[in-house]
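Please open the structure in the viewer and keep the selection panel at hand.

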Amino acid sequence: MLRFLATRLLRAAVTVVLVVTFAFVVLRLSGDPAQIIMGADAPPEAVEAFRRAWGLDDPIWMQYLRYFGAIIGGDLGRSMRDGRDAIALVAERIPATLALTIPALLIKLCIGIPAGITAALHRNSPIDRAVMVLAVAGFTVPSFVLGLLLVLVFAVQLGWLPSGGQESWRHAVLPILTLGIGGAAVLARFTRSAMLEVLGQPYIRTASAKGVPWRAVVWGHALPNAAIPTVTIIGFMVGSLIAGAVVVESVFSWPGVGRLLVVAVANRDLAVVQCVLLLVAGTMVTANLVVDLLYGALDPRLRSQARGA
Amino acid sequence: MPITGAPEVAFRRRSLLGAALAAPALPRFAIAQADSRPVVTIAVQKISNTNTLETLREQSNVGSRTWFSIAETLIEQDWWDDLTLRPALATAWRRIDERTLELTLREGVRFHDGHVMTAEDVAFSFGPERMGWGLTLDQARNLFGSVPGQSRGRTPPPEALAVARRTYPALERVEVIDSRTVRFVNRTPDLAMEGRISRNTGMILSRAAFEAAPSWLDWSRRPIGTGPFRVAEFRPDQSLVLEAFDDYWGGAPPVKRLRFLEVPEVASRINALLSGEADFACDMPPDQIDGIARSARHEVVGGPIMNHRLTVFDKTHPQLANPLVRRAFTHAIDREAIVAALWGGRAPVPRGLQFDFYGSMLHADWAVPRFDPNEAKRLLRQAGYKGDPIPYRLLAGYYTNQLPTAQVLVEGWRAVGLNVVIEMRENFPQVLSREGQRGVRDWSNSASFNDPVSSLTAQHGPDGQQWQIGEWRNEEFGRLSQVLEQGTDPAQRRTTFRRMLEIAEREDPAYTVLHQSVNLTAKRRDLRWRAGQSFVMDFRRRNWAG
């Protein structure tokens with residue numbers, strides 16, 4: 001088990017390093033932060049002064065080593081736009097994002113999983129078809145289209161809810177629904193597929209043939225085995241809690257991490273972008289690690305494989 | 001900061017007018033105790049590109065919307081009527097000589113911090129502390145004073161210094177004659193000094209507030225001016241809340257609070273307006289006018305402003321080095337088709353890079369190059385152009401209708417044989433970057449006051465962007481720029497201006513004008529507010545009851 005955990009942790013650390021390195025190289029090669037932040041009218045001497053002040057005139061490998069050393073020392077840098085700590089800028093936006101993504105995750109779970117199970121248990125029935133039609137519609141409509149549609153209906157036409165901003169809980173309803181509906185649709189599809197696959201397995205047939213009540217078959221045998229692929233998807237959803245609302249935050253003018261990322265990328269505010277990406281990578285990697293551990297808990301075969309290895 | 005925008009009281013025309021008329025007569029405590037003025041919410045695409053409110057740094061169209069509520073200039077441009085210069089914080093001015101302008105300051109003007117405005121504040125606003133005169137660019141870097149190892153302080157950042165130098169190229173000093181009189185002294189003659197003073201960079205700010213600020217950045221995000229509204233809260237990239245300044249010399253503002261909210265998406269701005277959460281929505285594309293007009297409660301106002309859209313040439317490109325090729329570009333543009341198809345005929349095609357309010361300097365018989373594909377083909381044959389690719393660095397939507405305009409332009413150019421290749425870019429610095437090969441690009445030029453030096457020399461002369469970034473230069477044009485800047489003979493200046501237009505638009509094209517820009521604002525129909533011929537928004541009483 002320890003070795004299993006160590007392998008996963010090592011893999012997670014490599015993933016984070018790769019993400020940070022990739023972001024560092026791409027951001028530096030795709031635009032000069034000095035020119036962007038100083039503005040088009042800044043004279044060349046001013047731009048040079050900015051580069052010197054921020055060490056952007058050093059070779060890229062030297063900047064990378066300095067940056068990486070700072071990260072190990074716990075320093076994620078400062079925003080080039082106003083000099084504030086990047087981590088402070090990002091941290092103050094996280095609550096706003098979580099205020100959308102956590103309720104949206106609950107909606108996904110509460111609607112998506114029961115809908116998928118129901119559809120699987122009523123395969124090829126009108127219930128199954130209805131659930132799948134809604135699910136396909138839910139995940140094929142892009143979130144910005146769904147968001148605007150919800151705004152048109154509930155804000156513009158009915159006047160029940162605000163169209164954007166972040167002043168009260170009412171302002172969060174439409175963005176949460178936008179995020180939740182799409183995710184629930186994805187989860188419903190995956191859960192249905194997983195359940196159908198499990199329901200076709202010989203052990204389900206055997207349990208039924210032995211006279212085990214159908215409810216007990218579903219709860220005791222089908223659901224735990226169908227949970228493995230579903231947990232993988234849920235893991236991705238948990239991993240995207242921090243930066244999974246970039247588009248929705250823009251549509252609803254919600255001042256979360258997503259909007260901060262968009263503005264920081266446009267301005268090549270390197271420290272802020274890298275801080276967000278580090279956070280996202282960290283969340284995603286942690287979620288995957290937890291999912292890996294859950295696999296072991298859900299599937300005894302994986303535990304025994306890990307022990308055998 | 002969220003979009004709410006719901007007025008704190010019902011906002012009706014009658015109550016509004018009543019409040020506006022009664023406000024000056026009410027004692028201050030009465031206003032404070034029963035403030036029935038509305039809260040007005042304005043949905044904008046962007047509040048500030050630089051996340052500051054200092055006009056020396058924030059030289060943008062979006063920044064123009066807010067500064068005029070916070071601060072004022074000595075002389076102001078009347079963007080709402082005849083575009084003349086009119087008294088603002090100065091009640092009168094007179095020429096001492098061609099280099100010297102004396103201004104009499106308005107009495108009883110208070111800053112938001114309670115200080116009475118004096119000549120010292122004017123001297124400060126144009127002085128070295130704010131504009132950085134005498135600093136080297138290395139010294140002028142305290143915007144980034146919190147970078148480890150660097151000092152904090154109130155010295156301005158380098159681009160503020162650069163903008164100041166460009167706006168007031170020959171300003172020698174501001175003399176304080178007495179508490180209500182100042183003299184602007186130029187090193188060289190300058191007939192346009194009044195106009196330069198009216199630019200937003202010349203807003204008058206409190207010296208005491210500047211000296212009390214912990215850093216330049218803190219100060220630039222909460223400048224203390226004399227305008228009808230003071231900064232209550234500025235959340236960069238999110239919102240700007242301005243509160244009524246009831247000691248405003250022009251009378252208490254008719255609006256209790258202005259809330260500028262950053263809503264990047266056009267559709268979201270329109271939705272905020274239609275749902276009643278915003279009272280104004282800025283930067284409306286023309287194709288949204290009909291949809292908004294279907295709402296009985298809303299309308300779109302605005303029209304042409306003192307800004308022209310241009311296509312700009314990089315003369316250092318191997319193909320564009322030949323002026324015949326650039327001239328071919330200018331003749332292969334169907335400007336009327338662009339205006340009709342994309343602007344519903346609302347955007348006029350102007351007489352080159354000049355504006356009607358130039359008055360006696362206007363050359364009414366001048367015109368943009370005519371649309372003549374055959375002439376374009378002839379010029380290309382004469383130039384020996386073989387179809388080599390010419391890059392067109394393009395932003396997707398900095399200007400309204402930018403992408404469709406570019407598509408029309410490229411098709412027109414291709415039709416005459418010009419092989420123009422669009423290269424998408426994310427921001428202006430990438431468009432202007434010297435890395436790789438520049439070709440043609442989009443730009444717009446504003447005239448911030450009624451003289452050609454505000455545009456033609458400022459943008460294309462030796463201190464202008466094109467010249468400075470190595471895109472275009474012409475020695476004769478450079479010499480003439482100096483004549484136009486410093487000349488005192490009106491007839492000679494007019495002739496010089498004509499010759500400069502001939503060079504920059506015909507003989508050795510630096511640019512070609514496409515059409516006049518249009519600024520459209522959607523708003524509640526019951527709000528009696530007028531849009532100016534500029535991006536500037538005015539929420540004073542004089543512009544509230546129409």
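This is a predicted model: local features need pLDDT of at least 70, side-chain atom pairs count only at pLDDT 80 or more; totals for chains, interfaces and linings use all residues.

**Chain A as a whole**

Chain A has 309 residues, of which 41% count as buried. Among the contacts in chain A with a separation of 6 or more, 72% join residues 24 or more positions apart.

Next, colour residues 31-74 of chain A as domain 1 and residues 94-267 as domain 2. The centres of these two domains of chain A, taken over C-alpha atoms, are separated by 41 Å.

**A residue in helix α8 of chain A**

Now select residues 169-199 of chain A, which form helix α8, and find A:Ala194 within them. Is A:Ala194 buried or exposed? A:Ala194 is buried, because 24 other C-beta atoms lie within 10 Å and the threshold for a buried residue is 20 or more.

**Strand β1 of chain B**

Move to chain B and select residues 39-44, which make up strand β1; B:Thr41 lies in this strand. B:Thr41 is buried, with 26 other C-beta atoms within 10 Å. Show B:Lys256 as well: 215 residues along the chain lie between the positions of B:Thr41 and B:Lys256, yet 11 Å separate their C-alpha atoms.

Then select B:Ile42. Leaving aside residues up to four places away in sequence, B:Ile42 touches B:Leu258, B:Arg259 and B:Phe260, together with B:Ala278, B:Asp279, B:Phe280 and B:Cys282.

**The nonpolar cores**

Which residues have the most contacts inside the largest nonpolar core? Select B:Ile42, B:Ala43, B:Leu74, B:Ala281 and B:Ala328 to see them; the core has 129 residues. Strand β16 of chain B, residues 511-524, gives the most to this core, with six residues. Colour domain 1 (6-18 + 38-274 + 527-543) and domain 2 (304-517) of chain B: both give residues to this core, so it lies between them. Apart from it lies another core, of 76 residues, which includes A:Phe50, A:Ala135, A:Ile234 and A:Val280.

**An open sheet in chain B**

For the last stop, display strands β4, β5, β7 and β6 of chain B. They form an open sheet of four strands in the order β4-β5-β7-β6, with antiparallel pairing. Which strands stand at the edges? They are β4 (90-97) and β6 (171-178) of chain B; each has a single partner strand, so one side of each is left without a neighbour in the sheet. From one strand to the next, the twist averages 20 degrees.

Finally, centre the view on β6(B) and strand β7 (residues 181-186) of chain B, which pair in the antiparallel sense over six bridges. Within this pair, B:Leu171 stands opposite B:Asn186 in β7(B).

Technical notes:
Residues are numbered from 1 along each chain as its sequence is written. Chains are lettered from A and ligands numbered from 1 in the order in which they are written. A nonpolar core is a set of buried Ala, Val, Leu, Ile, Met, Phe, Trp, Tyr and Cys residues joined through C-beta atoms within 7 Å. A residue is buried if 20 or more other C-beta atoms lie within 10 Å of its own, exposed if 12 or fewer, and partly exposed in between; C-beta atoms are placed from the backbone. Helices (H or I, at least four residues) and strands (E, at least two) are DSSP runs, numbered from the N terminus. Domain bounds come from an automatic or database domain assignment. Two residues are in contact if their C-beta atoms, placed from the backbone, lie within 7 Å. Two strands pair if DSSP finds at least two bridges between them. Axes are lines fitted to C-alpha atoms, for helices over the stretch in contact, and angles run from 0 to 180 degrees between N-to-C directions.
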